[in-house]
Amino acid sequence: MKIFRLGVFIFLVYLLQVAVVSRFAIFSVRPDLMLVVITLIAVTQGVERGFASGFLGGLMQDVLGGMYFINFLTKGLLGFLVGTFKESIFGSEESVAVTAVLVATVTEFVLQVLILSLFFDKPVATPLSLFLLLVISSVFNCAIAPILYPLIRASAPYFAEE
Amino acid sequence: MYYESGRKKNFYLWIILLIIAAVILNNPAVKKARPVRVLKKIAINVIYPFKYIANGLYSGVTGGTAKFFMLRGVQAENERLNADIKSYKAQIMLLSQIGADNKRLREMMGFRPLYFASRLIPVEIIARPDTNWFGIIEINKGRNDRIVADTAVVNDEGLVGRVLEVSDYSSKVLLITDPSSAVSVFDSETSDMGIANGNVMGPLKIRYMSANAEVKVGDPIITSGMSDTFPKGIIVGRVKYINKKDYDIFQKVDVSPAVNFSKLNKLFVVAK
């Protein structure tokens, strides 16, 4: 039942991303709300919920808006990695959440560049463009994290493992 | 401890399964398979109303607030717009005459019709790109509104992209800024041709523009009409930067898109 609630929550995040958040771009770079939420779920609720939310969120992005099936892999992996690191290294303060989001943004960036360039002959971008994309998206995502962190932490009982 | 290591093993198994699933699902033959297409179509059709409502709610809230603050200047703006409409009506009358002549002459010469002779279907965006790697948007019209794949999408500024996939009620549009996008273009000042590719961030890149081409910064770049997707004469952008080397057979040309992609709203599909 709680996993169903998590699915509905991730779906609402997806809607918020495509209808609202994606309008706010700086130099064509948009914040990745889904990534931030998945990371915060993994930080506050552990590896299982992190992995499940990453898989669901990524799958929604791939089926409903993407060109390839890669987000379910990268975001599922990120949910797992952040959840694992959180259990062994991280505490649970807001600064830790921001650090986790920064690490997740950089990790997903590297994973996606590798997958897209190795298997799909993408992306066509100069190293400077890629660097700027990484910096701006990191700043964007880290700026959202402290705002969303209390909300995700407060919602933990609704999605936590039974 | 044993339980924890069992859980970890399960997760590693899941991740291996995800990698296998990614390899299978990204196989072109699997992507084109009927069951995959049908499932994707069902998912898109089921989710469509939610996207439409979410987009409408946001537009309603922001549009309503903006209207409230802009009411003060409405009277003066209305008069100015009415004057503009009268002027445009006169221009349309003149252009229709020229268009009719042009169409008749093109038919006599056996040329294909130009895009302004085509029908424009107004559409609205219901979903914007959710990652920074792909320039794909979703519009609120699909097969039921006679939208077909591989047709050009424009707005009042110029070329926006092409219809990539069509569902019953919505369609996906590949923006010209997406790295997979390739548009046959030419410099309207010099008639030199090339292929405009999208870029993850930054200007469009023109490939295969001859090193002998005398392209200048600021030249308008328009569609060449060499493909069936993009009719001839749609503005794509303006030359921003040129890098020409003596030993290269092609020059590198960067183009600033004519369209402001961060403020996309009302679009038109050029009906075939």
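This is a predicted model: local features need pLDDT of at least 70, side-chain atom pairs count only at pLDDT 80 or more; totals for chains, interfaces and linings use all residues.
Two strands count as paired if DSSP finds at least two bridges between them.

**Strand β1 meets strand β12 in chain B.** Here strand β1 (residues 120–127) of chain B lies antiparallel to β12(B), and 5 bridges join the two. To find your way along the pair, look for B:V123, which has B:L267 in β12(B) opposite. Strands of a sheet pair through backbone hydrogen bonds, either parallel or antiparallel.

**β12(B) also pairs with strand β3 of chain B.** How many bridges link strand β3 (residues 152–154) and strand β12 (residues 266–270) of chain B? There are 2, and the pairing is antiparallel. A handy landmark is B:V153, whose bridge partner in β12(B) is B:V269.

**Six strands of chain B close into a barrel.** If you trace the closed barrel from strand to strand, the order is β1-β2-β5-β4-β3-β12 in chain B, with antiparallel pairing. The twist from one strand to the next averages 45°.

**A hairpin in chain B is built from β10(B) and β11(B).** Between the two strands of this hairpin sit 6 residues. Strand β11 (residues 250–257) of chain B is antiparallel to β10(B), with 6 bridges between them. One of the positions to look for is B:R238, bridged to B:S256 in β11(B). Strand β10 (residues 235–243) of chain B has another antiparallel partner in strand β9 (residues 220–223) of chain B, to which 3 bridges connect. In that pair, B:I221 has B:G237 of β10(B) as its bridge partner.

**Chain A is a helical chain, with 6 helices and 0 strands.** Followed along the sequence, chain A reads α-α-α-α-α-α. How does the radius of gyration of chain A fit a compact globule? For 162 residues such a globule would be near 15 Å, and chain A has 15 Å, so the two agree. The C-alpha atoms of chain A fill a box of roughly 45 × 30 × 30 Å along the principal axes. Of the 162 residues of chain A, 51% count as buried. Among contacts in chain A with a separation of 6 or more, 73% join residues 24 or more positions apart.

**Chains A and B touch through 41 residues of chain A and 36 residues of chain B.** On the side of chain B that touches chain A, α1 (2–25), α3 (34–70) and β2 (136–139) of chain B each supply at least two residues. The largest share comes from α3(B), with 9 residues. Sorted by class, this side of chain B holds 22 nonpolar, 9 polar and 5 charged residues.

**The largest nonpolar core has 103 residues.** Which residues have the most contacts inside this core? They are A:V37, A:L40, B:L159, B:V160, B:V173, B:A196 and B:V236. Helix α2 (residues 33–45) of chain A gives the most to this core, with 10 residues. Zoom in on A:V37 and you can pick out A:V13, A:L148 and A:I152, which A:V37 touches when residues up to four places away in sequence are left out. In soluble globular proteins, nonpolar side chains tend to be buried together.

Most residues other than glycine have a negative phi. Is A:F27 buried or exposed? It counts as exposed, because A:F27 has 11 C-beta neighbours inside 10 Å, and a residue is exposed at 12 or fewer. B:Y208 has 11 C-beta neighbours inside 10 Å and so counts as exposed.

How values were computed
Residues are numbered from 1 along each chain as its sequence is written. Chains are lettered from A and ligands numbered from 1 in the order in which they are written. Helices (H or I, at least four residues) and strands (E, at least two) are DSSP runs, numbered from the N terminus. The radius of gyration is taken over C-alpha atoms; the globule rule is 2.2 Å times the number of residues to the power 0.38. A residue is buried if 20 or more other C-beta atoms lie within 10 Å of its own, exposed if 12 or fewer, and partly exposed in between; C-beta atoms are placed from the backbone. Two residues are in contact if their C-beta atoms, placed from the backbone, lie within 7 Å. Ala, Val, Leu, Ile, Met, Phe, Trp, Tyr, Cys and Pro count as nonpolar, Asp, Glu, Lys and Arg as charged, and the others, Gly among them, as polar. Axes are lines fitted to C-alpha atoms, for helices over the stretch in contact, and angles run from 0 to 180 degrees between N-to-C directions. A nonpolar core is a set of buried Ala, Val, Leu, Ile, Met, Phe, Trp, Tyr and Cys residues joined through C-beta atoms within 7 Å.
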